[in-house]
Amino acid sequence: MFYPEFTQDYIQRALAEPRRFGADAQNMLETSEETRRLYHGIVIPMTYQGIFFPEETVHLFEEIIATMVSIGRKITAEYVKNPDYRPGFHFDAKTEDLILIDPGYDIPVPVGRYDIFYNGGTDFKFCELNTDGSSAMNEDRVLGGLLSETELFRAMAEDWDIQPFSLFDTLVSRFLTRYRALTGRDCQSVAIVDALEKGTSLEFEVFCDAFRRAGVSAVIADVRDLTYTGGRLWAPQEDTAERLPIDLVYRRLVTSDYVALADAAQPFEQAYRDRAFLSFGSFRSQVMHAKTIFSMMYDPRTQAILSDAENAFVAAHVPWTKDLVSEEDKARVIAEKDAFILKPYNSYASQGILLGREHEPREWAQIIRDLPLDRYIYQEYVDVDPTPFVELNPETGALEETRLGHVIGLFLYDEAFAGSYTRVGRHGLISGARPYYSAPAFVVRRKA
């Protein structure tokens, strides 16, 4: 169970005066409702507690990301050079074509969020790997700011140094430094690109502000609104008929979403093929993003290109995974209903996930029999030890201790750990698809 000293102190203080801090929690939740409308008008749920990491845990997260970055580099390089290796990822022809385009640099995942189930110490397993569409930086920022103004948080700050992660300025700094290293010049303009009906517009605006503070012109653009003329990619500017020539694209558009609308975004794609701009990330990030990355880590061809230490890391920390490609696979998933979770090959945001524990045996058997083959992975279900949290009882107005499961997202910027985003909840699947809380992340150290 992940229960560091700071959290123990926090909960002990909260429960020593449960009504006083319960009233403070109620006030925070009621007065912040509009502030927490951060994703398509949805109020992000939170409780009266964050997730608190001692410095030694942060160092462990740095090591986790460094190891997975090394693994990802080797797997992506093998995908690019070895046609016989590619079918294991089950990409369509369009996606494969995009991945094989040389983006002008060798970093497979410039920005991502690798989610883990964490029980403390070195006891962890991966949940999923997110790349270009990785989000929730703004959730962590806004909710962390709200929590830091509460009575209990301020009391804790008298004895502890409590610092949030800098998820915006850090990304901007690392992107601009990398751009300069790759091109030999300073970046003058950036476009944050997505299919805007899917994107997190408030978060994009915060990133734009961060780029502008760094002296870079920044716009938010729908990939279908970009043009390509005179050897430059151009993006529309708000409140003006003029267009901005783009040096750098921060691509928030998930590759599978791009493939679905590619016919309407050919200027962007042609400019990408011509390397008229740099894109962080490139389409090569899809290799690490696809759910089939988990089954491919157990493939003998992958094991042959990884070091002994990396293979040991996979065995210890990546849930056992196999593609659902035969009737024998289906029979096993039906017979061992509670042992597995199923995920579509190229989904994201918990779309299409099937969890045996949420169904009765007969219902589950029918679901699995009806599934098409060669569309899903089935993966070892991972139990995470619930960790103590304080939660407001709306009937009594007091704080109470509860136990919640959690998924900790580890952000990587330019291949290095940059911060965290955590969701907690009671259900077997902790995501936006089920009731949950967001828990803002902080690094903590007791003051001398």
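Predicted model: local features only at pLDDT ≥ 70, side-chain atom pairs only at ≥ 80, totals over all residues.

Trainee: Which residue does R446 meet in a salt bridge, and how far apart are the two in the chain?
Mentor: The N to O distance is 2.9 Å, and the partner is E5. R446 sits in strand 22 (residues 441–446), while E5 sits in helix 1 (residues 5–16). The pair therefore links distant parts of the chain, since E5 and R446 are 441 residues apart.

Trainee: Are R446 and E5 buried, exposed or partly exposed?
Mentor: Buried needs under 20% and exposed needs over 50%. R446 has 40% relative accessibility. E5 has 48%. R446 therefore counts as partly exposed, and E5 also counts as partly exposed.

Trainee: Where do K81 and E78 both lie?
Mentor: They form a salt bridge, with the closest N and O atoms 3.7 Å apart. They are 3 residues apart, about one turn of the helix. Residues three or four places apart point the same way, because an α-helix has 3.6 residues a turn. The element that holds both K81 and E78 is helix 3 (residues 55–81).

Trainee: What is the relative accessibility of D115, which pairs with R113?
Mentor: The side chains of D115 and R113 meet in a salt bridge at 2.9 Å, N to O. R113 is buried, with a relative accessible area of 10%. D115 also counts as buried, and its value is 4%.

Trainee: Which residues make up the covered face of strand 11?
Mentor: In a regular strand the side chains alternate between the two faces of the sheet. In strand 11 (residues 243–246), R243 and P245 form the uncovered face. The covered face has L244 and I246.

Trainee: Why do the buried residues of helix 16 lie on the same side, and how wide is their arc?
Mentor: In helix 16 (residues 361–370), W364, A365 and I368 are buried. They lie on the same side of helix 16 because they cover an arc of only 100 degrees around the axis.

Trainee: What do the buried residues of helix 16 pack against?
Mentor: The face turned away from the buried side carries the exposed residues R362 and D370. The packing partners of the buried residues are helix 15 (327–335), strand 15 (340–344) and strand 16 (354–355).

Trainee: Which side chain makes a polar contact with the side chain of E203?
Mentor: E203 is found in helix 8 (residues 201–213). At 3% relative accessibility, E203 counts as buried. Beyond its neighbours within four places in sequence, its contacts include S135, M137 and F168. The polar contact is at 2.6 Å, with R252.

Notes:
Residues numbered from 1 in each chain as written. Heavy atoms only, no water. Salt bridge = Lys/Arg side-chain N within 4 Å of Asp/Glu carboxyl O. Helix = DSSP H or I, 4+ residues; strand = E, 2+ residues; numbered from the N terminus. Buried < 20%, exposed > 50% of the residue type's maximum accessible area, 1.4 Å probe, protein only. Arc of directions from axis to C-beta. Contact = heavy atoms within 4.5 Å. Polar contact = N/O pair within 3.5 Å; in protein donor to acceptor, adjacent residues only side chain to side chain.
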